[in-house]
Amino acid sequence: MRRIIIGSGVAGLSAVEAIRSVDRGVEIIMLGDDPHGYYSRPGLAYFLTGELHDKALFPKTREDYSRLNFSYKKTRVKGIDRKNKAVILGDGSPLTYDKLLLATGALSVPMTVPGANLQGVVKLDHLEDALAILKLAKRGRTAVVTGGGITALELAEGLLARGMKVHYLLRASRYWRGVLDERESRIVEARLQEEGVEIHFRSEVVEIQGRSGRVNGICLLDGRVMKCDLFAYAVGIQPRIDIARNAGLACDRGILVNEYLQTSDPDIYAVGDAAQVYDPLSGRSVLDSLWSPAREQGFAAGLNMTGQVKPYIKTVPFNVTRLAGLTTTIIGAVGHGGDEDVVGIARGDSETWRQLPDAAVAQSGFDVNRVRLVIGEDHLLGAVVMGDQKLSTPLQHMIAEKMNIALIRDRLLMKDARIADVILDYWMRSQAG
Ligand SMILES: Cc1cc2nc3c(=O)[nH]c(=O)nc-3n(C[C@H](O)[C@H](O)[C@H](O)COP(=O)(O)OP(=O)(O)OC[C@H]3O[C@@H](n4cnc5c(N)ncnc54)[C@H](O)[C@@H]3O)c2cc1C
């Protein structure tokens, strides 16, 4: 019996852990094309700024891997021969499987404007990208960054930390419009500007210019030209579904899977950024591009690949991130939908955030300590907590568990409500009782 896992990211590794937790004997082979194997992708942002050493990106030790007892082969899988239950390796040779997992992740949506192939045009998907950026980032030189989600901001801050002059271009009139409200966007923008980033709103790149094969400027839709030595983009991501689609598996924007994470072929599973997962509670198939769901899906699929029957129940999307140095937690449904700067979905993002909930909004705080609640009829639907994080754990539980808030709803919606006090008081009472 052989289990094959394509992808050495968190979803793939989590599946190995799950399989081994119930079956010490079955053969497991992981296939991956990343020269660095498994590492923390969210950590790449901190690696770029210099806050995290490259060794800290690798959380697993040699002993951890040998305990899991699986073989790893570095290869780019070319295809799947479903009839013969085999994957086709990079060298064209087949490798048979009994159960197969596609944990192939996602890649940045490419820039398609003229000049996109010039040296000095960069994105941030892998450790190799971060290493390439560090080679190109020269103190005193100028970088232009475009894109509206977390990764674009991380690129801007990373390049700034490396001593570059940074221009940040947004197609929209404010930062991450699909997820943040206006005040939150403005807080992030003000902090970026204080750090020295120059922000240009309503600015769309139509051409990247170069000399001797290297970037030396960009041209905007309104005709403006900006000189630069490096151009970084993060305008959205696209699930890596090519081998699934070519094998005839059902795909939409991601590889479609049922609640057991099975594709349209019951011996093939898909998880993580590559998968569009059916959520039995909402009846929708959604993309989450978040670390924790990838890990949870990988674990559930791994168990199912051993013969267990383990549905994946989508949890409320939750992400603690840093926006312009400000710790920010985003939970549940908070957004307003479309975002001109992000194509579909961004790194560290969830489609659920972008739902427009039929709800009231309460907010309190000022600038760096701010909480926004999205309030449904009888429970909280979502929250954004910026700065002080003492509310983030209670809110995560209250939202995930759909805790009834009838007793405090009116107080939360009062003008100048002391939201933090009301929530903490209610939470502590519920824990005590
Ligand atoms: C810069 C950055 C910042 C992020 N920040 C956050 C954050 O703050 N919070 C958060 O929750 N999430 C964040 N994310 C997203 C998070 O890292 C992903 O959701 C998560 O890594 C997805 O895991 P995965 O295993 O599905 O895919 P991946 O980690 O992308 O792994 C997929 C692997 O499959 C391999 N592969 C693909 N196709 C093939 C093939 N044909 N043959 C062989 N191998 C193949 C790839 O090389 C890759 O190694 C961030 C991501 C990035 C890049």
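Predicted model: local features only at pLDDT ≥ 70, side-chain atom pairs only at ≥ 80, totals over all residues.
Let me start with a distance: the centres of domain 2 and domain 3, taken over C-alpha atoms, are separated by 29 Å.

Now the division of the chain. Domain 1 is made of two segments, 2–105 and 238–305. Domain 2 covers 110–234, and domain 3 covers 318–432.

Next, how domain 2 meets domain 3. On the domain 2 side, 22 residues are in contact with 26 residues of domain 3. Which elements give two or more residues to that side of domain 2? They are α5, residues 150–161, and α6, residues 182–195. Of these, α6 supplies the largest share, with 6 residues. By residue class, the side of domain 2 that touches domain 3 has 11 nonpolar, 5 polar and 6 charged residues.

I also want to look at one residue, Lys227. Lys227 sits in strand β15, which runs over residues 225–227. Is Lys227 buried or exposed? It counts as exposed, because 12 C-beta neighbours lie inside 10 Å, and the cut-off for exposed is 12 or fewer.

What does Lys227 touch, leaving aside neighbours within four places in sequence? Its contacts are Thr142, Asn216 and Gly217. As for His200, that residue is 27 residues from Lys227 in sequence. In space, the C-alpha atoms of Lys227 and His200 are 14 Å apart.

Terms used
Residues numbered from 1 in each chain as written. Helix = DSSP H or I, 4+ residues; strand = E, 2+ residues; numbered from the N terminus. Buried ≥ 20, exposed ≤ 12 C-beta atoms within 10 Å, placed from the backbone. Contact = placed C-beta atoms within 7 Å. Domains from an automatic or database assignment. Nonpolar A, V, L, I, M, F, W, Y, C, P; charged D, E, K, R; others polar.
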